[in-house]
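Hello,

Here is the structure I promised to pass on. Please open it first, then read the notes below.

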Amino acid sequence: MRSVSRTRRSLQWVGNTLLALMLVWTLVPFYWMIATSLKKDREIYGFEATLIPHQPTLANYARLFAKTPFILYLRNSTIIAVGTTIASLVFGTLGAYALARLRFPGRKVIARGLVFTYLVPPALLFIPLFAVMSTLRLVDTHQGLILTYLSFSVPFCTWLLMGYFRSVPLELEEAALVDGCTRLGSLVRVILPMSLPALAVVAFFAFTQSWNEFLYANVFVNSVEVRTVTTGLTLFIVEDVFFWGPMMAASFLSALPPLVIYLIFQRWVVKGLTLGAVKG
Amino acid sequence: MRMTRRHVLKQAGLAAAVTTTSPWWLVRTSHAQRAKKLVFWHVPNFTPLADDLQKQQVYEFAKQAGLKDSDVEYDVVANEQAQAKLAAAIEAGNPPDVMRLYESNVQFYAAGGHLLDVHDLVEKMRKEPKGIFESAMTSVVYKGRAMGVPLAVNPWPVHARLDLLDQAKVEYPKTWDEFVETSKKIQSPPRLFAFGMCLGLVEDTTDNVMNLLWCYGGKMVEADNKTVVMSSPENVAGVKVIEAMFKTHKIIPPGAISWDNSGNNKAYQSRQAAFVMNPSSIYAYLDGNDKDLQKATGLFPVPAGPRGTVNQIDTWAYGAFKKTPYPDLAKGLLDYFMQPANYDKIIQSTGGRWVPVYKRLFDSPFWREKPAFKHFIKMAETGVPVSYAGSPTPAAGEVLNTHLVPKMIQRVLVENWEPARALDECHKRIVEIYARYAKG
């Protein structure tokens with residue numbers, strides 16, 4: 001009995017150590033980013049790397065807000081990420097419901113096609129998509145970027161939601177239909193309330209992916225008025241000189257929105273992810 | 001409806017036809033549907049003033065040409081992403097009308113048939129009093145025609161810490177032998193190494209290494225742009241000097257072998273290197289960020305080897321793209337930029353980062369009165385591109401981008417190969433590249 005308890009304690013100790021290591025692994029870059037954003041240039045370029053800023057300064061943040069259109073970048077990223085999230089939820093939900101519940105020819109092919117579409121790397125797609133956007137006159141617009149981001153967010157969201165919808169007992173929906181609900185009514189009144197964790201995961205995924213996306217934003221957007229945070233960061237590199245202070249300040253601030261969203265929806269997201277493990 | 005085999009084949013054929021032709025159609029249509037009459041991609045400078053002036057000039061020109069502000073698209077494209085973005089835009093048939101291009105890019109895009117012929121504009125520039133630095137022409141002339149408008153002739157001086165030289169009571173070294181001796185006197189490793197030579201697998205390493213090899217009589221290719229001479233005894237001698245600096249005299253920081261292009265900048269800006277070979281981007285950075293270090297910085301020609309002093313220059317140019325529906329406007333904008341009065345404003349606002357292509361602009365107090373710029377005119381006059389003795393052809397561009405010279409020097413410094421063997425390997429690879437381009 002004592003031996004079992006000792007083994008359990010040892011395993012717990014190993015587990016905790018591993019968790020602590022992973023925590024350090026995850027948090028150190030974040031800490032380094034914040035510390036660098038609070039240092040003066042002289043300290044950033046100093047011979048010794050300092051863990052704690054010697055003379056903390058907010059000058060990099062001041063420069064960010066006073067001399068660059070960073071707020072505009074933040075606004076653009078927000079518009080695009082929120083727009084993509086809402087559209088992904090709407091299209092993903094409708095698509096997933098159709099694939100999970102309706103019977104029509106080609107259903108399986110479409111379902112598999114979703115996975116394949118998601119797997120095509122953006123590096124292959126950005127030139128054809130750029131041509132499409134040019135034709136539609138959507139280059140350099142928020143709408144164009146939202147439409148582009150749907151190309152990777154909708155397939156994933158549909159696929160994920162499909163698994164959840166299948167797990168909702170059919171009888172519940174049939175009962176709603178017998179009571180006079182339409183298909184859309186049963187989706188909104190029965191299935192969606194039961195799939196809130198999945199919707200939280202999908203929303204979080206769509207938001208984070210579109211917030212962090214770089215390649216499409218870089219190619220499809222030219223003007224400052226539509227530029228997102230990720231592409232704005234590259235303007236802190238001029239030729240072979242890196243302006244680390246403002247770049248780190250901008251990186252820190254741009255990491256906050258996904259973090260806040262995650263903290264708000266944390267409970268649902270964790271639940272949604274674990275449910276997905278057995279229902280997907 | 002029952003699906004027959006014929007029906008399926010018909011549908012599949014239609015789908016294949018649409019799939020294969022739609023990219024072509026989309027590209028064609030996207031090009032035809034462009035809303036703006038003048039599209040300029042601006043790559044940012046060190047100084048916001050230069051950026052503001054450039055933007056102002058674009059809109060001034062547009063106004064003169066009878067365009068409304070809404071007819072102009074002025075886009076800021078980050079330097080790091082500019083080439084990828086341009087490649088995508090060209091592929092999609094939607095490049096800007098005018099953009100700044102770096103060194104071998106003019107040759108590359110000219111060879112691809114993407115650039116407008118701007119020979120007439122360059123000829124006009126050459127007819128200005130005192131003319132332009134002819135060293136700039138190597139980069140912009142393709143098959144006898146100027147395909148880019150030379151914008152700046154940027155020397156690669158040695159940035160040197162004058163305060164350290166003063167402390168050690170020594171002068172800036174005139175030869176590489178003196179350079180080694182001076183370096184030993186002024187350095188105090190590990191906090192301060194004398195020579196921040198770029199040795200990582202990056203473009204700056206090719207620049208730094210080749211510049212030293214030229215002083216020993218070496219070169220990559222002959223002026224015919226065909227005969228590769230990388231394994232010459234002169235190059236072997238030069239590589240041995242670098243090897244001795246790194247291994248025997250230890251005046252180069254060991255970490256330099258893993259530097260990126262900004263490694264030498266960072267080493268100098270953090271006061272961890274006393275000498276670096278770099279364009280004056282470091283000097284321009286110090287102007288806005290560390291005046292004390294700027295005051296203690298001198299810009300000098302590269303020390304001489306047995307064959308004297310050879311300095312590198314890189315030429316930036318404006319390119320106008322053939323796809324533009326308004327070629328006259330594109331060329332008109334270039335002409336406006338390069339009118340000496342407009343041009344001089346931009347050049348001076350860059351604080352020395354851009355060195356003027358017009359010789360007579362060097363008569364201004366801006367260039368005459370600052371000791372740091374004392375040697376620039378000679379460097380601009382006699383400087384050579386990294387592909388010396390050849391031109392910055394697409395083949396030379398590939399040699400640069402595939403880091404063959406950095407790999408060669410790392411064979412010697414890291415893997416302890418004999419210089420002759422490493423150069424032989426490098427020579428063979430360069431021969432392959434030049435032969436491939438010669439075939440077309």
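Which residues does B:Leu334 touch, not counting residues up to four places away in sequence? They are B:Val98, B:Val118, B:Leu121, B:Val149, B:Tyr318 and B:Ala320. Please keep in mind that this is a predicted model.

B:Leu334 sits in helix α14 of chain B, which covers residues 327-338. Its relative accessibility is 0%, so B:Leu334 counts as buried. B:Leu213 lies 121 residues away from B:Leu334 in sequence. In space, the two are 37 Å apart, C-alpha to C-alpha.

Now the interface. Chain A brings 34 residues to the contact, and chain B brings 44 residues. About 3,300 Å² is buried between the two chains, and carbon and sulfur atoms give 57% of that area. On chain A, 22% of the area buried against chain B comes from A:Tyr45, A:Phe47 and A:Glu239, more than from any other three residues.

The polar side is as follows. Three salt bridges cross the interface of chain A and chain B. There is a salt bridge between the side chains of A:Arg42 and B:Asp290, at 3.4 Å from N to O. Twelve residue pairs are in polar contact between chain A and chain B.

On the side of chain A that touches chain B, elements giving two or more residues include α2 (41-44), α11 (215-220) and β1 (237-238). The largest share, seven residues, comes from α6(A). That side of chain A holds 18 nonpolar, seven polar and nine charged residues.

Best wishes

Notes. Residues numbered from 1 in each chain as written. Chains lettered and ligands numbered in written order. Predicted model: local features only at pLDDT ≥ 70, side-chain atom pairs only at ≥ 80, totals over all residues. Heavy atoms only, no water. Helix = DSSP H or I, 4+ residues; strand = E, 2+ residues; numbered from the N terminus. Buried < 20%, exposed > 50% of the residue type's maximum accessible area, 1.4 Å probe, protein only. Contact = heavy atoms within 4.5 Å. Buried area = accessible area lost by both parts, 1.4 Å probe. Salt bridge = Lys/Arg side-chain N within 4 Å of Asp/Glu carboxyl O. Polar contact = N/O pair within 3.5 Å; in protein donor to acceptor, adjacent residues only side chain to side chain. Nonpolar A, V, L, I, M, F, W, Y, C, P; charged D, E, K, R; others polar.
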